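Open the model in your viewer and keep the selection tool at hand. The stops below say what to pick next and what is there.

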Amino acid sequence: MTAVRDIPVSDVDLFSDEARVDPYPTYRELRDAGPVVEMARHGHYALPRYADVRAALMDWRTFSSAKSVFVDEETNRNLEGITLCSDPPDHTMMRSVLGRPLRPDRMREITPTVEEEADRVVSRVVEAGRFDAVTDLAEHLPMAVVSQLVGLGEEHRVKMLEWAAAIWDVQGPRNQRFLDAGPKVGEFLDFAANDAVPGRIDPNGWAAHLYEAADRGEMPREKCPVMMLDYVTPSLDTTILGIASMIALFADHPDQWDLLRADRSLIPHAINEALRIETPVPQFTRVLTEDHEIDGVALPAGSRVALLYGSANRDERKYPDPERFDITRKPSDHLAFGRGEHVCVGMHLARLEMSTLLERLADHVSRFEIVSRTPMINNGLRGYEHLEVTVR
């Protein structure tokens, strides 16, 4: 194969503070530059356009996760073999065990619990009138419901948020945030190996079910500790950020809130539109297993390629007027949950939590007004760390 050529090169750092706060102008520049852009700072290529990202997600044989999906190569080597960083058949085996408590039919079983917690938190914040939409509202359901269902114990609830944020930080390059996160990631892995074990966890929780599956011979027992990542990491921050971003969007676009209050059938579309326009997980990487051409651009086998979900979801080639928040758009084909083999295993739970909260808020709130907002700056996540609002 001839050498890679005619690929635009970008020196932009998508992991800088500025880019974590507002990546959208850069995403547009990357989309305009071409279907494939070489990201010079971090030694990989990037796909910024919707059609190419979706096609890559649907082709796991070519765009492999088995060499891990992060940026730093040492981290990638260390994570090979976990659910997120594997391909079928190993991925299928682990996902089948992980996904059992997260199937749509199992969501019906926990719906009363979710509704009860949603009633509790919405009543509290509406009565207060002014609250932090992240810590007082968005964190409540994932923390109350997920921590209980995983069954790691009440004393670890606050730690779960710290651990999850740190694990997302090591998704990026070896910058200061990455380095600061290292000890917390180590703390979580130590906890998963030594404390989150049968006899010390809720025997009816999701974590215990991993060990039961291993005892039945469905998967290797040594996979159990690191598979805790799959329950702690994706189930918390992503949903929390998605909920808070929804509140901010409705505060900034009160006409859309009026539409939703008048027609609750728009709730699923509102969730999709919020996730499209403010994607909590902006990217993962893949490694090409063979020489591959993308829109006429040739890449060699072994290339690491970043799939820019946050850019793809705002691609004007796919969505007309993509910067506009429009809950009648019905973008069920957005990529915030991924697609294909690695589609988010917890998306049904996230949708349940988000839709239940929106229902309750629509009953009691006519307007959200933002007092202040503080962006989260994390290598793997995007959203708000704090969002102080008033309601009436």
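Select Arg49 first. Arg49 sits in the loop between β3 (44-47) and α3 (50-57). Helices (H or I, at least four residues) and strands (E, at least two) are DSSP runs, numbered from the N terminus. This is a predicted model: local features need pLDDT of at least 70, side-chain atom pairs count only at pLDDT 80 or more, and totals for chains, interfaces and linings use all residues. Residues are numbered from 1 along each chain as its sequence is written, and side-chain values use heavy atoms, with hydrogens and water left out.

Now show the surroundings of Arg49. A polar atom of the Arg49 side chain lies 2.8 Å from the backbone oxygen of Arg31. Not counting residues up to four places away in sequence, Arg49 touches Arg31, Asp32, Gly34, Pro35, Ala312, Asp315 and Arg317. Contact here means heavy atoms within 4.5 Å.

Next, select Tyr50 and Tyr319. Their ring centres are 5.8 Å apart and their planes stand at 80°, so the pair is edge-to-face. Tyr50 is in helix α3 and Tyr319 in the loop between α15 (309-312) and α16 (347-364), 269 residues apart. Tyr50 is buried at 6% relative accessibility, and Tyr319 is buried at 4%. Rings of Phe, Tyr and Trp (its six-membered ring) pair if their centres lie within 6.5 Å; planes under 30 degrees apart count as stacked, over 60 as edge-to-face and the rest as tilted. The count comes to twelve aromatic pairs. Ring pairs also link Phe70, Trp168, Phe284 and Tyr309 into a cluster.

Move to Leu161, in helix α9 (residues 157-169). Leu161 is buried, at 17% relative accessible area. Beyond its neighbours within four places in sequence, Leu161 contacts Glu139, Met143, Leu236, Asp237 and Ile240.

Finish with the cysteines. How many disulfides are there? The count is zero, where a disulfide is a pair of cysteine sulfur atoms within 2.5 Å. The sulfur of Cys224 is 17 Å from the closest cysteine sulfur, in Cys85, too far for a bond. For Cys344, the nearest cysteine sulfur is that of Cys85, 15 Å away. Cys224 is buried, with a relative accessible area of 0%.

Conventions: Buried < 20%, exposed > 50% of the residue type's maximum accessible area, 1.4 Å probe, protein only. Polar contact = N/O pair within 3.5 Å; in protein donor to acceptor, adjacent residues only side chain to side chain.
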